[in-house]
Amino acid sequence: MKASILLLCWNHEKYIRQCLESIFNQTHKEIEILFLDNVSKDNSFQEAQSILEGSGYDFKIYRNSAPQTVTKNLNFLLERASGAFIFPFSADDWMAPDNISEKINLLQSNSETGLVFGGGWLYFEDTNQYIEVDKSKFKRGDIAHNLLLDRDSYFYVGPAYKRSAIETVGKWDESLLMEDLDMNLRVALKYKVDFVPKSLIYYRRHSSSYTGNYKLLLKSFEQYYQKYKDNKDLPIRRWMSETYKHLAFPALNNNDYKTTLKFLCKSILLYPGWNSLQTIFSLSRESLYKIKPLRKFWKALVKS
């Protein structure tokens with residue numbers, strides 16, 4: 001059965017060949033590639049077009065005239081896709097050869113399964129370092145709460161959906177800046193979720209990564225909170241509290257103490273408890289450790 005790869009690109013000219021060749025090398029060959037360039041400033045569109053035209057694969061290629069959000073771009077491609085299985089993907093990441101076949105096999109094996117993910121590698125471009133995601137804590141089945149409260153229970157890069165599941169829960173919400181958590185949560189509330197216990201995706205991290213902008217991430221997560229805050233079946237307040245704490249660390253690393261304090265206060269107000277106090281202690285220690293005289297004092301204290 002056909003897999004539709006919804007491939008989004010923004011200034012990925014130097015990564016496109018690696019990404020596309022990893023798709024061409026898939027063991028599952030019934031593939032269509034839908035490529036969308038979101039107004040790149042480099043030659044991403046031309047590079048992709050040249051590679052795809054010589055590939056022999058079924059493809060469609062598009063270029064926005066003005067920048068659009070990820071959710072709008074995915075819906076644009078979904079409407080033009082014909083596959084029974086949907087693979088959203090970014091043109092700066094790449095796949096292991098059996099990524100598509102493993103995930104399709106799992107989706108086909110259970111009629112109640114709507115979403116499948118797998119393990120992967122984090123690739124840090126600046127240091128050329130690979131770190132394998134810990135798969136030992138992955139969860140399957142009814143995992144809607146895990147998606148919110150257990151960041152180690154799944155790997156959000158490179159998911160595979162049954163098209164029928166997306167049609168049931170609705171397309172990507174175009175009012176949101178980010179797409180993955182909302183779609184995964186809506187699918188998980190109606191379908192089983194499963195995972196392939198193999199590392200199948202290479203996720204590139206670099207200075208322009210969306211995940212490096214904690215303020216933009218916060219805006220996205222607050223959109224999620226507003227959408228689900230009245231849902232009594234989801235631990236949404238606790239999730240938002242944990243999110244504020246999670247984002248306090250990159251704020252601190254950027255010496256943005258005002259934002260760090262704001263995140264901590266919001267976290268405590270939403271879901272007060274011992275975990276919040278533990279986070280405050282950890283952040284206080286890190287902030288003190290960044291000041292040289294206090295760092296020497298801390299080291300001396302630890303040794304005593």
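How many helices and how many strands does the chain have? The chain has twelve helices and nine strands; helices (H or I, at least four residues) and strands (E, at least two) are DSSP runs, numbered from the N terminus. This is a predicted model, in which local features need pLDDT of at least 70 and side-chain atom pairs count only at pLDDT 80 or more, while totals for chains, interfaces and linings use all residues. Residues are numbered from 1 along each chain as its sequence is written, and side-chain values use heavy atoms, with hydrogens and water left out.

**The whole chain**

Begin with the entire chain selected. Of its 304 residues, 49% count as buried, where buried means under 20% relative accessible area, exposed over 50%, and partly exposed in between (1.4 Å probe, protein chains only). Among the contacts in the chain with a separation of 6 or more, 74% are accounted for by residues 24 or more positions apart; contact means heavy atoms within 4.5 Å.

**First stop: the loops by strand 1 and helix 1**

Select N11, in the loop between strand 1 (3-9) and helix 1. N11 is not a glycine, yet it has a positive phi of about 55°. With a relative accessible area of 24%, N11 is partly exposed.

Next select H28, which is placed in the loop between helix 1 (16-24) and strand 2 (31-37). Is H28 buried or exposed? H28 is buried, with a relative accessible area of 14%. Display its side chain: it reaches the backbone oxygen of M1 at 2.9 Å and the backbone oxygen of E30 at 3.3 Å. Such a polar contact is a pair of N or O atoms within 3.5 Å; within protein, one must be able to donate a hydrogen and the other to accept it, and residues adjacent in sequence count only if both atoms are side-chain atoms. Leaving aside neighbours within four places in sequence, H28 is in contact with M1, A3, I100, S101 and I104.

**Second stop: N128**

Move to N128, in the loop between strand 6 (113-124) and strand 7 (129-132). Phi of N128 is near 55°, a positive value in a residue other than glycine. N128 is exposed, with a relative accessible area of 52%.

Select residues 180-188, which form helix 7. This helix is mostly covered, nine of its nine residues being buried. Among them are D180, D182 and R186, as well as L181 and L185.

Select helix 8 (residues 214-228) together with helix 9 (residues 236-253) and helix 10 (residues 257-270).

Consider helices 8 and 9. They pack at an angle of about 175°, with their axes 11 Å apart; axes are lines fitted to C-alpha atoms, for helices over the stretch in contact, and angles run from 0 to 180 degrees between N-to-C directions. Helix 8 and helix 9 are therefore roughly antiparallel to each other (angles under 35 degrees count as roughly parallel, over 145 as roughly antiparallel, 65 to 115 as roughly perpendicular and the rest as oblique). By class, their contact has 14 nonpolar, one polar and two charged residues; Ala, Val, Leu, Ile, Met, Phe, Trp, Tyr, Cys and Pro count as nonpolar, Asp, Glu, Lys and Arg as charged, and the others, Gly among them, as polar.

Turn to helices 9 and 10, which pack at an angle of about 165°, with their axes 8 Å apart. That makes helix 9 roughly antiparallel to helix 10. Their contact divides into eleven nonpolar, four polar and three charged residues. The crossing is left-handed, a term that applies if the near helix is turned anticlockwise from the far one by less than a right angle, a crossing being right-handed if clockwise.

Helices 8 and 10 remain. Their axes come within 13 Å and cross at roughly 20°, and the two are therefore roughly parallel to each other. Helix 8 passes helix 10 in a left-handed crossing.

Finish with Y244 in helix 9. Y244 counts as buried, at 6% relative accessibility. Which residues does Y244 contact, leaving aside its neighbours within four places in sequence? They are L218, E222, F263, K266, S267 and L270. Y244 and L218 are 26 residues apart in sequence and 7.8 Å apart in space, C-alpha to C-alpha.
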